[in-house]
Amino acid sequence: MAVTKIRKISSWTLLAAAIISVVVMGIFYAGGVVNPAAEMQEPIYTGLLIDWVYILFGATIISTFVFAVWQFIGLLKTNPKSATTSLGVLVVFAAIMFISYAIGDRTPLPIINADSAEYNTPGWLKITDMWIYTTYILIGLIILAVIAGTVKRVLNK
């Protein structure tokens, strides 16, 4: 019963997010541009698209955190060893982010335009490097996990 309810809620949530995303993308692409004669054209509804992406990103981060805590509390009651393992994964992820932040470069980039100067600061540059390096590390770990899982499955046959 609970699985059916969870499946229905997640299906409806995915459908709503997909419909809103399609509508926002349609408005973005069909909404026109601010100055049609300009060399670099800016769509009128760029702000709407960026705001929608922020909403999706925020909802993803919040729901990930809430469900991770919920799972940890549930596992702590039933299987403390598994709960400790899941907490260990979060600690390793935090360590990866801390290390990748520490090795980030803070050298300012050559200024392309005035708008980019706001984010061409050592703090933003280190945060950007942190996310890029963390993404590289996670992609590498995913590839290793796929290879290890395939090798393990082949060896177990």
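I take buried as under 20% relative accessible area, exposed as over 50%, and partly exposed as in between, with a 1.4 Å probe and protein chains only. By that rule Trp70 is exposed, because its relative accessibility is 58%.

**Ground rules**

I am working on a predicted model, where local features need pLDDT of at least 70, side-chain atom pairs count only at pLDDT 80 or more, and totals for chains, interfaces and linings use all residues. I number residues from 1 along each chain as its sequence is written, and side-chain values use heavy atoms, with hydrogens and water left out.

**Aromatic pairs**

I looked up ring pairs next. A pair of aromatic rings is described by the distance of the centres and the angle of the planes. Rings of Phe, Tyr and Trp (its six-membered ring) pair if their centres lie within 6.5 Å; planes under 30 degrees apart are stacked, over 60 edge-to-face, and the rest tilted. The structure has three aromatic pairs. Phe67 and Trp70 form a stacked pair, because their ring centres are 5.7 Å apart and their planes stand at 25°. Both residues sit in helix α2 (residues 46-78), three residues apart, about one turn of the helix. Helices here are DSSP runs (H or I, at least four residues), numbered from the N terminus. Phe67 is partly exposed at 48% relative accessibility.

I then checked Tyr119 and Trp124. Their ring centres are 5.4 Å apart and their planes are at 80°, so this pair is edge-to-face. Tyr119 is partly exposed at 46%. Trp124 is partly exposed too, at 42%.

**Helices α3 and α4**

Two packed helices are described by the angle between their axes and the distance between the axes. How do the axes of α3 and α4 cross? Helix α3 (residues 80-102) and helix α4 (residues 122-156) have axes that come within 8 Å and cross at roughly 130°. The two are therefore oblique. My cut-offs: under 35 degrees is roughly parallel, over 145 roughly antiparallel, 65 to 115 roughly perpendicular, and the rest oblique.

I listed the contact residues (heavy atoms within 4.5 Å). On the α3 side they include Phe93, Ile96 and Met97. On the α4 side they include Lys126, Trp131 and Leu138. The residues of this contact divide into 12 nonpolar, two polar and one charged. I count Ala, Val, Leu, Ile, Met, Phe, Trp, Tyr, Cys and Pro as nonpolar, Asp, Glu, Lys and Arg as charged, and the others, Gly among them, as polar.

**Single residues**

Leu138 lies in α4 and is partly exposed at 31%. Its C-alpha is 22 Å from that of Gly123, 15 residues away in sequence.

Thr84 is in α3 and is exposed at 52%. Thr84 and Gly104, 20 residues apart along the chain, have C-alpha atoms separated by 30 Å.

Val69 lies in α2, partly exposed at 36%. From Val69 to Leu87 I get 9.4 Å, C-alpha to C-alpha, across 18 residues of sequence.

Leu48 is also in α2, partly exposed at 35%. Leaving out residues up to four places away in sequence, Leu48 touches Val24 and Ile27. Leu48 and Leu76 are 28 residues apart along the chain, and their C-alpha atoms are separated by 42 Å.

Note on methods:
Axes fitted to C-alpha atoms, helices over the stretch in contact; angles between N-to-C directions.
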